[in-house]
Amino acid sequence: MRNIRPGDAFAEKSSAIVEADSSSTLLSENLLPKRQRPRKSSAKKVQPKQGSAGKPSIHESAIKHVSGLATYIDDIPELSGTLHMAAGGSAHARAKVIAMNFEQVLAAPGVVDVFTAEDVPGELDIGPVFSGDPLFVTMGKETQFVGQTLFVVVAKTYEQACAAAKLADIQYEVLTPNVRLQEGLDAQEFVLPEHVIANGDANQAINSAEFQLRDGGYIGGQEHFYLEGQICYVLPGEDNGVHVFTSSQHPTEVQKLVAEVLDLPSHKVIAEVRRMGGGFGGKETQAAALACAASVAVYHLQQPVKFRLPRKHDMEATGKRHDFKYDYEVGFNQDGVIEGLNMTLAGLCGCSPDLSQGIVDRAMFHADNAYFINQSRVLGLCPRTHTVSNTAFRGFGGPQGMVAIEAVIDGIARSLGEDPLTIRKRNLYRDGADTTHYGQQLDPSVLQEVVSTLETSSEYWARREAVKSFNAANPFVKKGLALTPVKFGISFTAQHLNQAGALVHVYTDGSILVNHGGTEMGQGLYTKIAQIVADEFGVDVERVQVSATRTDKVANTSPTAASSGTDLNGYAAKNACQEILQNLKAFAAAHYNVDVSAVSFSNDQVFVGEQVVNFADFCLQAYKGRVPLMAYGFYKTPKIYYDRDSGHGHPFFYFANGAACSEVLVDSFTGEYKVLRTDILHDVGKSVNPDLDIGQIEGAFIQGMGWLTTEELLWDDQGRVMSNSPASYKIPTAFDVPREFNVALYERENSVDTVFNSKAVGEPPLMLAISVWSALADACASFANYQYAPRLDPPATPEKVLKAIEDAKLFAASNGQA
Amino acid sequence: MTTLTVNGTKHELDLPDDTPLLWALRDILGMTGTKFGCGMALCGACTVHMDGQPIRSCVTTLALANGKSITTIEAIQADPVGKQVQEAWLDVGVAQCGFCQAGQIMSATALLKKNPKPSDDDIDSFMSGNICRCGTYNRIKKAIHKAADKTEV
């Protein structure tokens, strides 16, 4: 059906540093189909650009992005005979399936076949770590959530498949579901056992402290809403194998699960990912179900099958960020310094474990955020409900743990009548108080410096006075201000995932091809890897091509998650380059009869003693000298370990830090608000690419702000998702961005040995948005003269802000401050 | 039979009247630069120009588009304003995952054609129908200002 598009544009080389007005040359030469381009001789030559590590190089797909030529799964030209899949889901959150009749489905126009659990040749359970996620609900078994897949329909067109899926006659014996987190807790239903991280005697420390506070709250989840919905395209391969084009952050897991479902060895399955239209954690485990279902159809039909979820189905049937309920008791002294903390963090896991162990663990690891907690007991619970199994989402539980402790800090500040920033600074990790509740020692100087620098640059105290004056003069519209820190642990908490491989090929024309285990979802990983490789060989970044992630090139990859993409794959690529360079240097030394130390690579050239050889010419010489020009590099993160039994260890290689200061304006009649200004200082180590890093910081902040303000997930009592389209789920738009938005990098070399001494940047800045939530709470507290912290559970929608304002006014009235 | 002029080329399509224009562009004409985001005209990923106006092609039927002139991202560099917008996008380094960006660029181009020197508020207002989940709004705004500065009034 599809026409092949003007194909030559696919091959464009697009990694290039943006120099002043260089892009017009890039555009005019590259955007037009080849036959329409000016002849080389008449075109202005693009100047060689370095763009290697540390330089602001534009995203490797930037030109394709702006011209509509970047290929996502749904844009791959379809092979003839391609069929389309749609899923039929459970109508009930909890019901026994007693009959399934597909007569009308099979009779519908275009329908080729229907597949159920009975058609799965191998393993039915596709749980990523623990079992509990059946690909299809088996007849006679109970459903676990509304929309859980019972069957799939394959038809000639997408529309036919979707229409036919609605015609199935399913008989249920309906049972009562537990929909809310509290219902799961009350029923004592858990997907995983509890976990405790304890340090000292928390109860004793709390009870003997001068002041105590007991409170809690509820933190809502978040829908990923990656603009490119879940999708895969599966082709039949050799010997009953399959080739899966998937929009997944974890191609190796897709490969493994498809192989298990089809009862094939892994080497018969190829999973390939060129790019995703957004992932945010929502494609770490959730993409596999589509790939497995489509592969079952391909296995039986031996025809290509495309499976894409309509948006509503995607929002109903794929996991989200966990809701968390937190309860705490804190003991503190008259300065507001915490002496003991008892905290319970219960994450709404939904119907199965999925990745919830790591997520609840990470929430617990971040229950300190940036503060020394002294004696503590943190309890993590994993309640089960009859809702979709919640999954990874940028921050992976960390943000929820941090919101909880920030609520504690705000509570302490209000109870003592102190400014929240004063209490934050007094509790910040510092010399002599530099060990986390799980026993990992850290260098507090970065946090201290980031917070104090931002405190000055944002003019916090002058603005605090201005906010107070404004609020005194305006009875109905109030301003709020908050400065909050971020400390985020970097490394997968599952130790074995902290490894990566990369394959580097140097060709005889001096061009370099890299393939690695990481996936590109917009974060610029491919760009950074290309820069790192260019830096190693001392060549122009345009010499380096990073190709689509494929499980048949680099095996046993880890998910691109935990912000680890560059740390792991970048180092693996560097190690591969080092091996080739070693070979090249030895060859040069022998060939030109110089010492190895006299050989170096820079400026697209090879310096051999007194001689200078063009890099490409040198590669050809090396090939003729029978030097291996390809290598596989491997990397594993050193030093990390964690003992679950004792709740102690060194789970993170290092921490990424940051701080944000936000000012908001709140309307007390409606609860509506605006973010007036945000200042951010964020620690990226020595940045591989400052432009990409700032883009990540801005974007993560906006996404975090959406989570904490307008994005509200809603279920009805039967367990049906009510927030199932962008009409009923409010994602930030251009309107919601802070009016004034200042982002700066805190560039100080990572003190541990990471690639280029950079730091991970994908997730940490999301939590800078806590400053907006805290500023909203500050504006609400102003109605009680800052003596009371009204409950403002995120997302702080205008309705909740209005309620918090009313609560604050009530407090003020009953305490004679009206 | 629907007659459409897409990027200057006339097409005759024998499809049901209620077929969304987006389907015709992507599945029949093979122009996959325009993306499907939500199917409800709520995210803006499918924005194209119809007789110069930005529209959501996922809810625009072929019956509505009959006889009209459609411009998509694939041809926007032929438009002087569109080209400035693309160049500004590259200069500022806007795109992250890129999936919404065709729609953003089509909307931004339409804005600048209507209002060559938009204020921040004009941009927020006009662009608020285009969701970017990566949160590139700040750079989108910068890029629109940059393109406006370069465009002859």
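Is helix H7 of chain A mostly covered or mostly exposed, and how many of its twelve residues are buried? H7(A) is mostly covered, with nine of its twelve residues buried, a residue being buried if 20 or more other C-beta atoms, placed from the backbone, lie within 10 Å of its own. This is a predicted model in which local features need pLDDT of at least 70, side-chain atom pairs count only at pLDDT 80 or more, and totals for chains, interfaces and linings use all residues. Residues are numbered from 1 along each chain as its sequence is written, and chains are lettered from A and ligands numbered from 1 in the order in which they are written.

**View 1. Surroundings of helix H7(A).** The buried residues, including Pro251(A), Gln255(A) and Ala259(A), pack against strands E9 (242-246), E10 (269-273) and E19 (549-550) and helix H8 of chain A; helices (H or I, at least four residues) and strands (E, at least two) are DSSP runs, numbered from the N terminus.

**View 2. Crossing of H7(A) and H8(A).** The axes, lines fitted to C-alpha atoms over the stretch in contact, come within 9 Å and cross at roughly 40°. The two helices are therefore oblique to each other, the class left when angles under 35 degrees (roughly parallel), over 145 (roughly antiparallel) and 65 to 115 (roughly perpendicular) are set aside.

**View 3. End of H7(A).** Just after the helix, Asp263(A) takes a positive phi of about 55°. At 1.5 Å a residue, the twelve residues of H7(A) should span 16 Å, which agrees with the 16 Å between its end C-alpha atoms.

Technical notes
Axes fitted to C-alpha atoms, helices over the stretch in contact; angles between N-to-C directions. Expected span 1.5 Å × (residues − 1). Contact = placed C-beta atoms within 7 Å.
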